[in-house]
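User: I have a structure here that is new to me. Can you walk me through it?

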Amino acid sequence: MGGSRGESVEDRQGLLAQDDHMRDMERIQMEVVSITRPTPTVARVTARIAPTNPDAWCRPNLAMRIEVETPEDARPVSRVYTVRSFDPERSTIEIDFVVHPDDSPAMRWLAQAGPGTKTWFVGPRPHFLPDYECGRKIAIFADETAIPAVYAILNAWEQPARGVVYVETTDRAAFEELPQVPGVENHLFLRGEDEQPGKTPYLLDAAQALPEPGAWSIWAAGEREVARAIRKYFEGHGLGRDEMRVFGYWRHGVSSSQIDRARLGHYSGIRARGEGLERFEDLDLPV
Ligand SMILES: Cc1cc2nc3c(=O)[nH]c(=O)nc-3n(C[C@H](O)[C@H](O)[C@H](O)COP(=O)(O)OP(=O)(O)OC[C@H]3O[C@@H](n4cnc5c(N)ncnc54)[C@H](O)[C@@H]3O)c2cc1C
């Protein structure tokens with residue numbers, strides 16, 4: 001597929017293919033088995049994969065980078081999605097794409113994909129889990145793009161941890177698919193159809209309404225500015241970076257290719273200092 005060269009992120013030093021970045025990930029293909037619309041905002045892709053190490057796919061909250069467009073003479077355009085679930089018997093994964101109105105690389109991929117579509121991806125990248133060790137109550141904040149991550153986390157919730165989950169979405173049914181876990185309360189903020197995603201105060205409001213804000217362990221993911229505001233709020237209440245697992249999944253008005261270029265620039269500085277991926281603080285990037 002051509003026409004998307006401007007979205008390609010050049011990696012002139014080849015850093016992204018090196019071991020420090022790849023860790024235990026591999027680049028393989030997935031073959032789409034089905035695409036369904038289980039709830040109004042979700043396109044659920046079930047795809048077959050043949051990983052070298054299937055055990056690595058059994059952990060909750062894994063991310064994968066899907067090559068959604070392949071321009072000529074440029075690196076593939078890729079987008080990061082969460083593995084909602086992995087079925088080791090069928091060797092299939094589920095990925096929930098939040099459908100949004102932009103004419104974007106991921107939405108174009110989705111529009112042309114169907115059973116039999118084969119697409120390269122890199123994964124699995126283990127993403128943050130709640131800090132079950134710390135003994136504190138866990139507060140989770142997520143917009144619709146992080147519902148698959150929260151789904152995977154709740155399915156593997158480690159008892160006896162206690163928690164609260166706050167989700168913002170326009171899609172009540174997507175929220176209602178989340179598992180009910182003993183000791184965890186799920187709360188929905190139903191965004192209005194006329195409200196812009198990534199521009200609402202609901203998740204930050206929920207954070208600010210938590211009693212004893214300094215006594216929690218935080219997991220948050222969603223729009224980058226919202227995620228940053230949540231992190232800043234809890235920092236102001238004395239939580240250190242190790243007590244917060246906060247990630248920006250997308251940025252309102254900004255393509256992920258732009259974010260990826262900033263990521264690569266930051267990472268290349270880290271590598272130039274002889275350091276590795278563990279030094280990477282994604283939300284500190286100026287994007
Ligand atoms: C670790 C990680 C896990 C993720 N998991 C998921 C997941 O499971 N499901 C999922 O849907 N997304 C997930 N995302 C977010 C997803 O990668 C972004 O939404 C991405 O921008 C989609 O690419 P695109 O090509 O559609 O849009 P882009 O080309 O990146 O952006 C084009 C325009 O669309 C806007 N846009 C992008 N996403 C949305 C959105 N959701 N709602 C409204 N506007 C948007 C951008 O602000 C921009 O203006 C994850 C991101 C990360 C980093």
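User: Which residues is H127 in contact with, leaving aside its neighbours within four places in sequence?

Analyst: This is a predicted model. In it, H127 is in contact with R59, N61, L62, A63 and F247, once neighbours within four places in sequence are set aside.

User: Where is the place of H127?

Analyst: H127 is in the loop between β7 and β8, the latter covering 137–143.

User: Buried or exposed, that H127?

Analyst: H127 counts as buried because its relative accessibility is 16%, and the cut-off for buried is under 20%.

User: OK, the inside now. How many residues does the largest nonpolar core have?

Analyst: That core has 25 residues, and M30, I93 and F97 have the most contacts inside it. The elements that give two or more residues to this core are β1 (26–39), β2 (42–49), β3 (62–69), β4 (77–83), β6 (92–98) and α2 (105–112).

User: What does I93 touch?

Analyst: Not counting residues up to four places away in sequence, I93 touches M30, V45, T46, A47, I49, W57, M64, V83, S85 and F86.

User: And the second core, which residues does that include?

Analyst: The second core is separate and has 24 residues, including I140, Y151, L154 and V184.

User: Back to α2. Which of its residues are buried?

Analyst: In α2, the buried residues are P105, A106, M107, W109 and L110.

User: What covers the buried residues of α2?

Analyst: Their cover includes β1, β2, β3, β4, β6 and β7, where β7 is 118–126.

User: On phi, then: what is the value for S91?

Analyst: Phi of S91 is near 55°, which is positive, and S91 is not a glycine. S91 lies in the loop between β5 (85–87) and β6. At 17% relative accessibility, S91 counts as buried.

User: What about E212, what is its phi?

Analyst: E212 is not a glycine either, and its phi is positive at about 45°. E212 sits in the loop between α5 (202–209) and β11 (216–223). With a relative accessible area of 64%, E212 is exposed.

User: Now the whole chain. How many helices and strands does the protein chain have?

Analyst: The protein chain has seven helices and 12 strands.

User: What radius of gyration does the protein chain have, and what would a compact globule have?

Analyst: The chain has 19 Å, and a compact globule of 287 residues would have a value near 19 Å, so the two agree. Along the principal axes, the C-alpha atoms fill a box of roughly 55 × 45 × 40 Å.

User: How many of the 287 residues count as buried, in percent?

Analyst: Of the 287 residues, 52% count as buried. The chain exposes about 13700 Å², with carbon and sulfur atoms supplying 48% of it.

User: Last one. How many Å apart are the mean positions of the positive and negative charges?

Analyst: They are 3 Å apart, for 34 positive and 45 negative charges in the protein chain.

Definitions and conventions
Residues are numbered from 1 along each chain as its sequence is written. This is a predicted model: local features need pLDDT of at least 70, side-chain atom pairs count only at pLDDT 80 or more; totals for chains, interfaces and linings use all residues. Side-chain values use heavy atoms; hydrogens and water are left out. A nonpolar core is a set of buried Ala, Val, Leu, Ile, Met, Phe, Trp, Tyr and Cys residues joined through side-chain atoms within 4.5 Å. Buried means under 20% relative accessible area, exposed over 50%, partly exposed in between (1.4 Å probe, protein chains only). Helices (H or I, at least four residues) and strands (E, at least two) are DSSP runs, numbered from the N terminus. Contact means heavy atoms within 4.5 Å. The radius of gyration is taken over C-alpha atoms; the globule rule is 2.2 Å times the number of residues to the power 0.38. Accessible areas come from the Shrake-Rupley method with a 1.4 Å probe; for residues, only the protein chains shown count as cover. Lys and Arg count as positive and Asp and Glu as negative; His and the chain ends are not counted. The place of a charge is taken as NZ of Lys, CZ of Arg, CG of Asp or CD of Glu.
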